[in-house]
Amino acid sequence: MRTSQGDSWTEADVPDQRGRTAVITGANTGLGFQAARVLATRGAQVVLACRDLGRAKEAAARILGDGPRAAGAPPAGAPPAGVPPAGAPPVGVQAVRLDLASLTSVREAADEIGTAYGPVDLLINNAGVMMTPFGRTADGFELQLGVNHLGHFALTGLLLGRMLGRAGSRVVTVSSNGHKSGRIVFDDLQSERRYRRMAAYYQSKLANLMFTLELHRRLAAAQARTQALAAHPGKARTDLTRYLPAWARLEDLVVEQPLGHSAAKGALATLRAATDPAARGGEYYGPGGRGELRGYPCLVAPSERARDVGAQQRLWRESERLTGVSYPV
């Protein structure tokens, strides 16, 4: 597979981001925080869009005050020529309240971002919940599908008009290696007849990837300047496992975590999809190691189910209907 920096693409390969505005959902912790940290220290204006505004402000303060060495793993090697050094003060990091479990909150956040920051160069749909007990969003959606897919579908549609005129703009949506086990159950999309937390999670992650591929096709047909890409972190050590049942948390701790890597390493796939000049719309990035569990980011393959164009378009139509958000492409 093609790579732009050999097999070891790292934070040092993130190019100059000065003059760009990046919006990252769920950026107060984990993968989103690490992506925000790197983009900010490369000169981007970063907006942390998070459910808990207080925690988002604390994360912004850590990035602004502590720098990359205190906030997370430092970049490996020197940055490319012309890029702000890793220790340079970030340009600006702000916080916006965004609750993806409420379409009202999604609309309010999109309005605030548009009013306060204007054009958007990079939208990273990172936030998510994993294998939660059964629950519903404020709009009645099954919680995992509502937060992981429908909330981001609505946010992207509401912000896309502010991106289309920006050269090099990208929408990056974080999926999961688990999407390979996912199925879109169109006749029970909201798990009303049966709820299985793992199946609902995998469905939402498959939806993330199908959304990306359909958005890419629409953007390409419109000859838009914006591109849509996806990424997955492999097995990254984050707090996303907090909803797992006790037996699954034990298995994760004893078996899976030792096979994984840090949140900073897991965020590299997102960062590559977001910033690598050689990346192209419709591409999917993940760790290059065995089983895509860990390693440096490279191109990886979506499942056959994810590439089903008819299912992508059906999911898109249903997402428009459920959220009431239509796209300009």
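A nonpolar core is here a set of buried Ala, Val, Leu, Ile, Met, Phe, Trp, Tyr and Cys residues joined through side-chain atoms within 4.5 Å. In this predicted model, the largest such core comprises 50 residues, among which Ile113, Leu215 and Tyr327 touch the most other members. At least two residues of this core are supplied by each of strand E2 (45–50), helix H3 (103–117), helix H4 (143–159), helix H5 (197–221), strand E6 (227–231) and helix H9 (309–323). Helix H4 provides the largest share, eight residues. Beyond its neighbours within four places in sequence, Leu215 contacts Thr156, Leu160, Val171, Ala228, Trp316, Tyr327 and Val329. A second, separate core contains 34 residues, including Ile24, Ala40, Cys50 and Ala60.

Helices H4 and H9 pack with their axes 10 Å apart, at an angle of about 75°. Because angles of 65 to 115 degrees count as roughly perpendicular, H4 is assigned this orientation relative to H9. On the H4 side, the contact is formed by His149, Leu150, Phe153 and Ala154, and on the H9 side by Leu315, Trp316, Ser319, Glu320, Leu322 and Thr323. Six of the residues in this contact are nonpolar, three are polar and one is charged.

The average pLDDT of the protein chain is 88, and 82% of the residues score at least 70. Residues 1–6 remain under 50, although the model has 17 contacts for them beyond four places in sequence. The pLDDT is also below 50 over residues 67–82, a stretch with 35 contacts in the model beyond near neighbours in sequence. Where pLDDT is low, the predicted coordinates should not be read in detail.

Note on methods
Residues are numbered from 1 along each chain as its sequence is written. This is a predicted model: local features need pLDDT of at least 70, side-chain atom pairs count only at pLDDT 80 or more; totals for chains, interfaces and linings use all residues. Side-chain values use heavy atoms; hydrogens and water are left out. Buried means under 20% relative accessible area, exposed over 50%, partly exposed in between (1.4 Å probe, protein chains only). Helices (H or I, at least four residues) and strands (E, at least two) are DSSP runs, numbered from the N terminus. Contact means heavy atoms within 4.5 Å. pLDDT is the predictor's confidence in each residue, from 0 to 100. Axes are lines fitted to C-alpha atoms, for helices over the stretch in contact, and angles run from 0 to 180 degrees between N-to-C directions. Angles under 35 degrees count as roughly parallel, over 145 as roughly antiparallel, 65 to 115 as roughly perpendicular and the rest as oblique. Ala, Val, Leu, Ile, Met, Phe, Trp, Tyr, Cys and Pro count as nonpolar, Asp, Glu, Lys and Arg as charged, and the others, Gly among them, as polar.
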